[in-house]
Amino acid sequence: MQKVNLSAVSEFVFVGLSDAPEIRLLLFVLFLLIYLATMASNITLLVAISTTSHLHSPMYFFLGNLSLLDLLCPTITVPKMLGALLLEHKEISFSGCLLQHFSLIAVVGTEIFLLAVMAYDRYVAVCHPLRYLSIMSTKLCAQLALGTWATGLVNSLLHTSLVFTLSFCGPNKIQQYYCDIPPVLALSCSSTHSRELVILVVAGVLGSSACVVTVVSYICILLEILARKSPGIWHKAFSTCGSHLAVVCLFYGTTICTYVRPSFTYSPHWDRVVSMLYGMVTPLLNPIIYSLRNKEVKCALKRVISQV
């Protein structure tokens, strides 16, 4: 097949949603409610953290960053999906698809590194409680947060350049409701093997590095708990780390199922289900998980809601 320039494909069409009118309306209402609940819960959590003085600590500073990412993640994809469901406008321009892809990968990558930083923060809190504030200083927290955002952006820039510099000269129908790596790669009429290898290596190195930091932090926490043998230490450690550990398992589980696999195992139907989980459900559950396990957060949220 003769290859043409990238300009040969000026737009993509999302075909990952049901064509039945009654199902579309039901999905629109369902996803709209989930999106509004996600926005409300994360905005409320951000307001509670920023307006409550005793929540101005490293742990809640990073939690605020996580809530900001959970606001951005569905906002990148859901409004376009809702428009496709309600107005049947399923087209997206090539540049719009590129921007959506870049933004989403940046947010997902930043969240991976942020969860690793939050795991290190929990390690310091449990293993070095007396030096916690001196180690996790305001300057270090700002540097760590800035580093996670910068690394996520650089990682996304590399992935986006590898995907969207391919030749697209055939079908332009994306088997998904947003521009993601596997369905976009499937539309290329160029050879994608070398690009896929680079993407897997880069994602593997960066993702595994963040995962190692997270795992090592919790191994050190576990060893510290076993070494102390003091009464109530398990309950205290779980109350300190339980929420973050639950968020880590939820995020890594859905992300690994979607991205950490070769393209020949790509299944549009399965990927749509999994992407719904990490793209919509996970940002909704994160503030709920932290609220249920933390009395300080619950009190701050009640105060904000009562004021509203």
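In the predicted model, L86 is assigned to helix 2. Its relative accessibility is 48%, and L86 is therefore classed as partly exposed, a class that lies between the cut-offs of 20% for buried and 50% for exposed residues. L86 belongs to a nonpolar surface patch that also includes L25, V29, L33 and L87. Together these five side chains present about 510 Å² of accessible area. Two elements, helix 1 (21–51) and helix 2 (58–87), each supply two or more residues to the nonpolar patch. Helix 1 accounts for the largest share, with three residues.

Helix 1 also contains A37. With a relative accessible area of 33%, A37 is partly exposed, because this value falls between the limits of 20% and 50%. In sequence, A37 and P283 are separated by 246 residues, yet their C-alpha atoms are 9.8 Å apart in space.

The chain as a whole comprises 10 helices and three strands. Read from the N terminus, the order of elements is β-α-α-β-α-α-α-β-α-α-α-α-α. Of the 308 residues in the chain, 48% are buried. The largest nonpolar core consists of 53 residues, among which F31, L66, M81 and M280 have the most contacts inside the core. Contributions of two or more residues to this core come from helix 1, helix 2, helix 3 (94–127), helix 8 (233–259), helix 9 (268–293) and helix 10 (295–307). Helix 2 gives the most, namely 13 residues.

Helix 3 is made up of 34 residues, and the distance from its first C-alpha to its last is 50 Å, close to the 50 Å expected at 1.5 Å a residue. This helix is mostly covered, with 26 of its 34 residues buried. A salt bridge links the side chains of R122 and D121, with an N to O distance of 2.8 Å. Both R122 and D121 are buried. A search of the whole structure returns one salt bridge.

The buried positions of helix 7 are E196, I199, V202, G207, A210, T214, S217, Y218, I221 and I225. The residue that follows helix 7 is K229, which has a positive phi near 55 degrees.

The unreviewed UniProt entry annotates residues 25–48, 60–78, 98–120, 140–158, 197–225, 237–261 and 273–292 as "transmembrane region". Two of these annotated spans were examined in the model. Residues 197–225 are 100% helix and 0% strand, with end C-alpha atoms 41 Å apart. For residues 140–158, the model likewise gives 100% helix and 0% strand, and the end C-alpha atoms lie 27 Å apart.

Key. Residues are numbered from 1 along each chain as its sequence is written. This is a predicted model: local features need pLDDT of at least 70, side-chain atom pairs count only at pLDDT 80 or more; totals for chains, interfaces and linings use all residues. Side-chain values use heavy atoms; hydrogens and water are left out. UniProt positions are given in the numbering used here, feature names are shortened, and annotations may be inferred rather than shown by experiment. Helices (H or I, at least four residues) and strands (E, at least two) are DSSP runs, numbered from the N terminus. Patches are made of residues with over 30% relative accessible area and no salt bridge: like charges are joined within 9 Å, nonpolar side chains (Val, Leu, Ile, Met, Phe, Trp, Tyr) within 5 Å. Accessible areas come from the Shrake-Rupley method with a 1.4 Å probe; for residues, only the protein chains shown count as cover. A salt bridge is a side-chain nitrogen of Lys or Arg within 4 Å of a carboxyl oxygen of Asp or Glu. Buried means under 20% relative accessible area, exposed over 50%, partly exposed in between (1.4 Å probe, protein chains only). A nonpolar core is a set of buried Ala, Val, Leu, Ile, Met, Phe, Trp, Tyr and Cys residues joined through side-chain atoms within 4.5 Å. The expected span of a helix is 1.5 Å times one less than its number of residues.
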